[in-house]
Amino acid sequence: MRPLILCATIGLLAVSCDKVENPVEQRNDSGGSGESVKRRALLEEFTGHHCNNCPAAHAVAAQLKTLYGDDLILVGLHAAANINSSFILPQSNADGSYATDFRTAEGQTYATNFAVTFLPSGMVNRAPYNSSTVLSSASWGSAIEEIVNEDAKFDVWISDLQHDAGANTVSATVKVAVLEDVTGEFKLTTYLTEDHIVDWQYNSQATPPDVPNYDHRHVFRKTLDGAWGQVAIAATANQGDTLTFSYTGVSMNPAWVAANCELVTYVYDAATNAVMQAAERKFQP
């Protein structure tokens with residue numbers, strides 16, 4: 001039975017998908033053929049600009065990125081189960097410090113759904129490690145090591161990415177290769193993130209701890225297809241299938257620096273929320 005691919009239009013977005021009957025194609029932007037693909041790790045880091053211990057966790061994430069390179073994808077979500085947590089709330093200080101509201105509706109959805117009750121914390125492929133899905137930074141490295149050594153059921157890559165500077169929109173094509181027969185529902189979600197946002201951060205390791213020019217990395221901005229994405233495989237898919245998803249004219253906030261933005265896309269098991277495979281691509285290489 002061939003997979004049922006659903007095409008959806010969400011809000012003003014133009015999201016479309018097609019199935020390619022040809023065998024798994026060779027990626028030309030991420031390298032490797034489908035037969036030798038390992039899982040890549042997606043670290044969704046929950047953080048806050050007034051979280052005193054979060055900079056130490058940022059450093060851990062950066063060290064892991066240096067170690068794992070392209071096998072690790074980082075996303076920073078300023079979110080907590082308590083949306084009014086002082087760690088993430090914007091403030092009305094006379095000097096303008098901590099005025100930026102990094103919170104997002106989607107980030108709040110994830111923090112609530114996964115019960116993110118402490119910061120800093122993070123999820124590695126949304127998979128349990130030592131019986132916990134939300135992990136402290138001390139467990140990230142071990143959880144990542146498990147993921148990147150596993151064979152992947154899927155490969156995913158962003159084959160095309162265009163930013164229209166005049167309209168300030170982004171369009172992209174995401175491809176999903178099925179590397180073995182699968183059953184169950186699998187979904188695709190694509191994030192837009194912005195790197196190198198210079199803003200205030202409370203850092204207990206700094207003197208003074210209020211840092212006005214902190215470099216915020218991999219900050220989650222929005223999804224291209226809703227918090228829970230779109231259905232990629234409704235019931236079954238066969239090894240060798242390649243699925244194509246298109247995003248057209250997705251609007252961006254004019255305050256975001258396009259040169260520092262990138263897309264992060266991932267396929268996940270709808271029954272468990274476990275991320276099966278992920279990929280990223282910068283707007284500018």
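Rings of Phe, Tyr and Trp (its six-membered ring) count as a pair if their centres lie within 6.5 Å; planes under 30 degrees apart are stacked, over 60 edge-to-face, and the rest tilted. The model is predicted: local features need pLDDT of at least 70, side-chain atom pairs count only at pLDDT 80 or more, and totals for chains, interfaces and linings use all residues. Residues are numbered from 1 along each chain as its sequence is written, and side-chain values use heavy atoms, with hydrogens and water left out.

**View 1. A cluster of aromatic rings and a charge over Tyr110.** Ring pairs join Tyr110, Phe114, Tyr191, Phe220, Trp228, Tyr266 and Tyr268 into a cluster. The charged end of Arg126 sits over the ring of Tyr110, 4.7 Å from its centre; this term requires NZ of Lys or CZ of Arg within 6 Å of the ring centre and within 35 degrees of the ring normal.

View 2. Nine aromatic pairs are found in the whole structure. Tyr98 and Trp200 form a tilted one, with 5.7 Å centre to centre and 50° between the planes. Tyr98 lies in the loop between S3 and helix H2 (105-113) and Trp200 in strand S9 (residues 197-202), so the pair ties together parts that are 102 residues apart in sequence. Helices (H or I, at least four residues) and strands (E, at least two) are DSSP runs, numbered from the N terminus. Tyr98, at 1% relative accessibility, counts as buried, as does Trp200 at 18%; buried means under 20% relative accessible area, exposed over 50%, and partly exposed in between (1.4 Å probe, protein chains only).

View 3. A cavity is a set of points on a 1 Å grid over the protein atoms alone where a 1.4 Å probe fits but cannot get out; a pocket is an open set with protein on both sides within 12 Å along at least five of seven lines, and lining residues have an atom within 4 Å of a point. Grid points are joined across faces, edges and corners, and a volume is the space filled by probe spheres set on the points. The structure holds one cavity of 30 Å³ or more, and the largest cavity has a volume of about 40 Å³. Its lining includes Gly76, His78, Arg103 and Phe220, and strand S3 (residues 72-78) gives the most, with three residues.

**View 4. The second largest pocket.** Of its 22 lining residues, Ala61, Ala62, Leu74, Arg217 and His218 lie nearest its centre. S3 provides the largest share of the lining, five residues.
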